[in-house]
Amino acid sequence: MTLLDKDGVQLTVDDAVATVTLSRPAKRNAQSPAMWRTLAEAGRSLPGSVRVVVLRAEGQSFSAGLDRQAFTPEGFDGEPSFIDMARGSDAELDATIAEYQDAFTWWRRNDIVSIAAVQGHAIGAGFQLALACDLRVCADDVQFAMRETSLGLVPDLTGTHPLVGLVGYARALEICATGRFVHADEAERTGLANLVVPAAELDGAVSDLAAALLAADRGAVIETKALLRGAADRTYEEQRTAERAAQARRLRELAGVTD
């Protein structure tokens, strides 16, 4: 069932699995504010039955990042240009960037597990979109890069937090400050990729992972994801307490005990 198909984004749902597809292959799935709004809409449109969301892209590249039209004086039709944004108030500028970030924030909701299927280039906003997902399955031709600093900008689409969490501060700084490519072998070695497979096997590997996730109890996965997401911000004793509370909820639910 197709729920959305606009602005270079398609959302289809097949029972417990939703697939979000970037569908601008002729532009290497370059991103725009319209695409970001539709990606945010896709998150709001998910039926409650969905447990796994797969993010994939048509063509040879996952996403080449922000559409270069954004860097022209006129920008995108109907959108504020970078110059217009810079001339706005602090509150207006903050609100605009926050709206753009909405496309990248919902992928880590506790009620779903998101998988990015990444092939070819994932640059800038493309890299950050892959980082927005819980898991990344990559083709062996993947090339990640954070190129914002070369444009005088910073990565502002929520990618810095997961990047530091995956590879550590020092490597994250080096990747972002140099803008260099991270290839498949390094991505797998450093944890950016959960799995690297030949490009022809990417769809099959993602399907296998989705099936494995669906085989687990949904309530247990939701509670476990919440525990793991919060672990870095808790002390050891706080995490022990959170584990006990989560397990108590699961036991009561399984036993049909209500407060």
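Ser63 is buried, at a relative accessible area of 0% (buried means under 20% relative accessible area, exposed over 50%, and partly exposed in between, with a 1.4 Å probe and protein chains only). The model is a predicted one, so local features need pLDDT of at least 70 and side-chain atom pairs count only at pLDDT 80 or more, while totals for chains, interfaces and linings use all residues. Residues are numbered from 1 along each chain as its sequence is written, and side-chain values use heavy atoms, with hydrogens and water left out.

Back to Ser63, then: this residue sits in the loop that links β4 to α2 (82-87). Helices (H or I, at least four residues) and strands (E, at least two) are DSSP runs, numbered from the N terminus. The side chain of Ser63 makes a polar contact of 3.0 Å with that of Gln31. A polar contact here is a pair of N or O atoms within 3.5 Å; within protein, one must be able to donate a hydrogen and the other to accept it, and residues adjacent in sequence count only if both atoms are side-chain atoms. Setting aside neighbours within four places in sequence, the residues in contact with Ser63 include Leu22, Arg28, Asn29, His121 and Gly126 (contact means heavy atoms within 4.5 Å).

As for the sheet, 7 strands form an open one in the order β1-β2-β3-β4-β5-β7-β10, with mixed pairing; two strands pair if DSSP finds at least two bridges between them. β1 (2-6) and β10 (195-197) are the edge strands, each with a single partner, so one side of each has no neighbour in the sheet. From one strand to the next, the twist averages 15°. β1 and β2 (residues 9-14) run antiparallel and are joined by 4 bridges, with Thr2 partnered by Thr12 in β2.

Helix α1 (residues 33-45) packs on this sheet, touching β1, β2 and β3 (17-22), and its direction makes about 175° with that of β1. Axes are lines fitted to C-alpha atoms, for helices over the stretch in contact, and angles run from 0 to 180 degrees between N-to-C directions. Helix α4 (residues 125-132) lies across β3, β4 (52-57), β5 (113-118) and β7 (135-139), at about 145° to β5.

What about the cysteines? The whole structure has 0 disulfides, a disulfide being a pair of cysteine sulfur atoms within 2.5 Å. For Cys133, the closest cysteine sulfur is in Cys138, 11 Å away and so too far for a bond; Cys133 is buried at 0% relative accessibility. Cys176 is buried too, at 12%, and its sulfur is 17 Å from the closest cysteine sulfur, in Cys138, again too far for a bond.
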